[in-house]
Amino acid sequence: MAADVIEYGWRRFAVTVAVILGAVLEIVDTTIVNVALPNIQGNVGATRDEGAFIVTGYIVANVIVIPLSPWLQRRFGRRQYFFASIVIFTAASAMCGLSHDLWSLVFWRVVQGTGGGGLLSQAQAILRETYPKELQGTAQGIFALGAIVGPTLGPLMGGLITDNASWEWCFFVNLPIGVLSATLTALFLRNPAPPKKLPIDGVGLACLAMGLGSLQYVLDQGQEKDWFGDELIVRLSIVALTGIVAFVVWELRFAKQPMVD
């Protein structure tokens, strides 16, 4: 009995470390890159408007993936999905650091955002299932600490890295943290339920991507482009409204097994 308690205690600690590291990676990366963005733009030869895609591409991918996370974890298993998210995020971080032209960097930032979307959205659920009922307050406190520390450290780390190294290290700094988190996840995280073979709701996915992706671009770039004074913002606003309304109607009325419940 004592050995079981010790083993469970170590597993809980390892899962907590893995989850918090994954969540911090997702939160810190955004703020680090925001600080380093002027240096990145200068090094890849991007204008201010072009450089905005480095941040916007990541956020758009994040926003699309987060609502899909419950379906993905049911389809593939929570451990497999969280592990894959860390691996995708870490590998994409390496490729971002190795990219030296704008559109390669934007592409890998989108891939990185796809992996990052599964980290923050699953972290809180994993902690809730890892800790017993009487320790739920502790679990939420640990998650809140990571959520607060991440944005605080990001600008400081971004400034230090940019001043003392090069912008590539804003991405390379993720690698050891990602490897450690992935290793602990593979060894200690367990699935709350076995994966299920669920059909892909293609129409719902397309509407969600079109609606939320367009909306996020409008919200992110509207201030810079004078909102509805810009023709692209107007068009994407229409696309966003159409996509979101179509998504809600499809999921509620027509989808046999909706991707988002």
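Which residues does glutamine 124 touch, not counting residues up to four places away in sequence?

1. Glutamine 124 touches Gln140 and Phe143 on that count, where contact means heavy atoms within 4.5 Å. Glutamine 124 lies in helix α4. Helices here are DSSP runs of H or I, at least four residues, numbered from the N terminus.

2. On the basis of the note: this is a predicted model, where local features need pLDDT of at least 70, side-chain atom pairs count only at pLDDT 80 or more, and totals for chains, interfaces and linings use all residues. Residues are numbered from 1 along each chain as its sequence is written, and side-chain values use heavy atoms, with hydrogens and water left out.

3. Glutamine 124 is partly exposed, at a relative accessible area of 33%. The cut-offs are under 20% for buried, over 50% for exposed and partly exposed in between (1.4 Å probe, protein chains only). Valine 19 is 105 residues from glutamine 124 in sequence, yet their C-alpha atoms are 8.3 Å apart.

4. Helix α4 (residues 102-130) also meets α2 (residues 48-76): their axes come within 6 Å and cross at roughly 35 degrees. Axes are lines fitted to C-alpha atoms over the stretch in contact, with angles from 0 to 180 degrees between N-to-C directions.

5. Helix α9 (residues 231-254) has 24 residues and should span 34 Å at 1.5 Å a residue; its end C-alpha atoms are 33 Å apart, which agrees. The expected span is 1.5 Å times one less than the number of residues.

6. The buried residues of α9 include Ile233, Leu236 and Phe247. Part of their cover is α8 (202-221).

Notes
Helices (H or I, at least four residues) and strands (E, at least two) are DSSP runs, numbered from the N terminus.
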